[in-house]
Every structure is written in C-alpha cells, then in structure tokens.
Amino acid sequence: MSTEYAIEELELHRTKLKNSVAYAEDVRKLMGNPLFRKIIMEDFCIQSAARYVQESCDPLLTAEQRADALALAQAGGHLKRWLDITLRMADTSERSILDVDEELEKLRAQPEDETE
C-alpha cells in the first residue's frame, strides 16, 4: 500500500471520527435543553413508561394492546441507551483522532521510497 493511499484512507477515517464527535456534541446540547429533559426524559421516559408498564398487565386490554403498551414502556429505555451509546462512541472517536493524527504524522514524515 502506498503512503499516499494510506494517508487518504486515514484522512477519510479522521473525517468520519470528527463527524461522530460533532454529532455527539449536538446530542449533548439536546440533552442539556430543559424542554427536552422535561418532555422526553422525564415525561416520556419515566412517567409515561410507568403508565404503559401498568397498562401492559391490564387484563381488560387485549393481548395486542398489552403488547403495544409494553413496547411503548420500553421505548424510553431504548432511547436512553441510544443516547448513552452515541456519547460513548464519540468519546472513543475523540481518542482515536489522536491516534490517527499520530499515524498521519509518521506517514507524512516518511520518504516516498521507503514505502514501496
């Protein structure tokens, strides 16, 4: 593999990592928004989820309605997990950017005839 090709691939990878970090920053901003915390995190993920759990075992509902209620109760948990994973992946990406920068620096410092 030529140095030039390796550099291009690393630069592309670095761009993807930086996009991941920028996306996570938007997620952090969203999570810091008081309205998001109130409506989504508190009302949907906690209060509505508790109500749906209760509905999921209500014998007056059909089996399909109980299943739907359980799925809705779980939705908040899936959202919270997705938010957490997004932030953790960005943390990993930030660390990887440093490694990629280091590797790029090494490749750029190599004379072209050493790579063939």
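Among contacts in the chain between residues at least 6 apart in sequence, what share join residues at least 24 apart? The share is 77%, where a contact means heavy atoms within 4.5 Å.

Some ground rules before I go on. This is a predicted model, with local features needing pLDDT of at least 70 and side-chain atom pairs counting only at pLDDT 80 or more, while totals for chains, interfaces and linings use all residues. Residues are numbered from 1 along each chain as its sequence is written, and side-chain values use heavy atoms, with hydrogens and water left out.

Now the overall layout. The chain has 3 helices and 0 strands, in the order α-α-α from the N terminus. Helices here are DSSP runs of H or I with at least four residues, strands are runs of E with at least two, and both are numbered from the N terminus. The radius of gyration is 23 Å, well over the 13 Å from the globule rule for 116 residues, so the chain is more spread out than a compact globule. That radius is taken over C-alpha atoms, and the rule is 2.2 Å times the number of residues to the power 0.38. Along the principal axes, the C-alpha atoms fill a box of roughly 80 × 30 × 15 Å.

Next, burial. Of the 116 residues, 24% are buried; buried means under 20% relative accessible area, exposed over 50%, and partly exposed in between, with a 1.4 Å probe and protein chains only.

Let me take helix H1, residues 3-32. H1 has 30 residues and reaches 43 Å from its first C-alpha to its last, close to the 44 Å expected at 1.5 Å a residue; the expected span is 1.5 Å times one less than the number of residues. Its buried residues are Thr3, Ala6, Ile7, Leu10, Leu17, Val21, Ala24 and Val27. An α-helix has 3.6 residues a turn, so residues three or four places apart point the same way. Helix H3 (63-109) is included in what covers the buried residues of H1.

Glu4 also sits in H1, but Glu4 is exposed, at a relative accessible area of 54%.

Last, a loop residue. Ser56 lies between helix H2 (34-55) and H3, and is buried with a relative accessible area of 19%. Leaving out residues up to four places away in sequence, Ser56 touches Arg66, Ala69 and Leu70.
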